[in-house]
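User: I am new to reading protein models. Could you take me through this one step by step?

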Amino acid sequence: MCLRNLPTPAESIAVFPDYYSAGDCRAFLIDKKLNPDGAVDEKDTSIYAVNLSKGPSQSEVDFSYIPQLYAVTHPRSAEGQKMTFWRLNGRGISSRLAKQCLGCGQCQLEPIAGPLEGSPSTQDLPLYDTLRKRVADLLSRAPINPKKPLPTSNDVYLSASGMAALYHVNQSLLRWRSDDIVMLGFPYELSIKMIETIGVPYHLYSYGLDKDIDNLESLLITRAKEGRKIQSVWCECPNNPVLRTPDMRRVRDLANKYDFLFVVDDTIGSAANIDVSDVADIIVTSLTKNFSGYADVLGGS
């Protein structure tokens, strides 16, 4: 629908539910380090506000559910780079939202230099306080270590999807310490693709067995002798599809000794069944299956 109104010389488009996701997409497309063979020239990509009108058969209620959308325009030659970002970022509009948008009338693209004033942040809605509290309550209902402070809703950050949660954590850690990342046990495919694409050195100990943790410890000892540290160790509990969990207590002890962060993705186990809060610095989970059980609503934390 919006493709019909693309401003010249734009040839293609990506639509996001917030301005900052669109800005990250544009920054990815023009980054020469991430796209050495095909970075987009800055003048060939822009951000627009997407202004939709209510369709003739669309109810006021359905139309009111559509948030302010933002679009990134780019040459058709950058389609591959755009889709790489789309898959690894997890913040593009959902198929459900896209279907609602297709019921709209006109689509006008408005050039902008920043988020539109007065656009409400979904994070400020009371509903999101309720969701954060529910996640915190799940994490706190049966703690393995009751002496450890329990998480509250202020400790919970919501994302558009599980992949978006992983992306946000990765970006935050890169700002904190741009050193080696260790993947312990074979991870979710897009998790490792994300880290590969960003270009930070990483080590994959794919089985997650005691021998792999021995190798991790050897790496840490070598780094310490060089006066260096790693950034983080990532693992899943359990991992998918092998359903293997590494010795997480041992990793926690190494994190305390060698000063790195331990990131645990508990999506498969979920806080309803397991408690990793006593070992993990950061817990990442997909909420997509939590809302209805049918995986028809995206969410992450």
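Analyst: Start with a definition: a polar contact is a pair of N or O atoms within 3.5 Å, and within protein one must be able to donate a hydrogen and the other to accept it. Keep in mind that this is a predicted model.

User: Which residue's backbone oxygen lies 2.7 Å from a polar atom of the side chain of arginine 177?

Analyst: Begin with position. Arginine 177 sits in the loop between helix H6 (162–176) and strand E5 (181–184). Setting aside neighbours within four places in sequence, its contacts are Lys229, Ile230, Gln231, Asp259 and Phe260. The backbone oxygen at 2.7 Å belongs to aspartate 259.

User: Is arginine 177 buried or exposed?

Analyst: Its relative accessible area is 13%. Buried means under 20%. Arginine 177 is therefore buried.

User: How are H3 and H6 oriented to each other?

Analyst: The axes of helix H3 (residues 79–89) and H6 come within 7 Å and cross at roughly 95 degrees. Angles of 65 to 115 count as roughly perpendicular. So H3 and H6 are roughly perpendicular.

User: Which helix has the highest mean pLDDT among the elements of the protein chain?

Analyst: The chain as a whole has a mean pLDDT of 90, with 96% of residues at 70 or more. Helix H7 (residues 189–198) has the lowest mean among the elements, 87. The highest, 98, belongs to helix H9 (residues 248–258).

Technical notes
Residues numbered from 1 in each chain as written. Predicted model: local features only at pLDDT ≥ 70, side-chain atom pairs only at ≥ 80, totals over all residues. Heavy atoms only, no water. Helix = DSSP H or I, 4+ residues; strand = E, 2+ residues; numbered from the N terminus. Buried < 20%, exposed > 50% of the residue type's maximum accessible area, 1.4 Å probe, protein only. Contact = heavy atoms within 4.5 Å. Axes fitted to C-alpha atoms, helices over the stretch in contact; angles between N-to-C directions. Parallel < 35°, antiparallel > 145°, perpendicular 65-115°, else oblique. pLDDT = per-residue confidence, 0-100.
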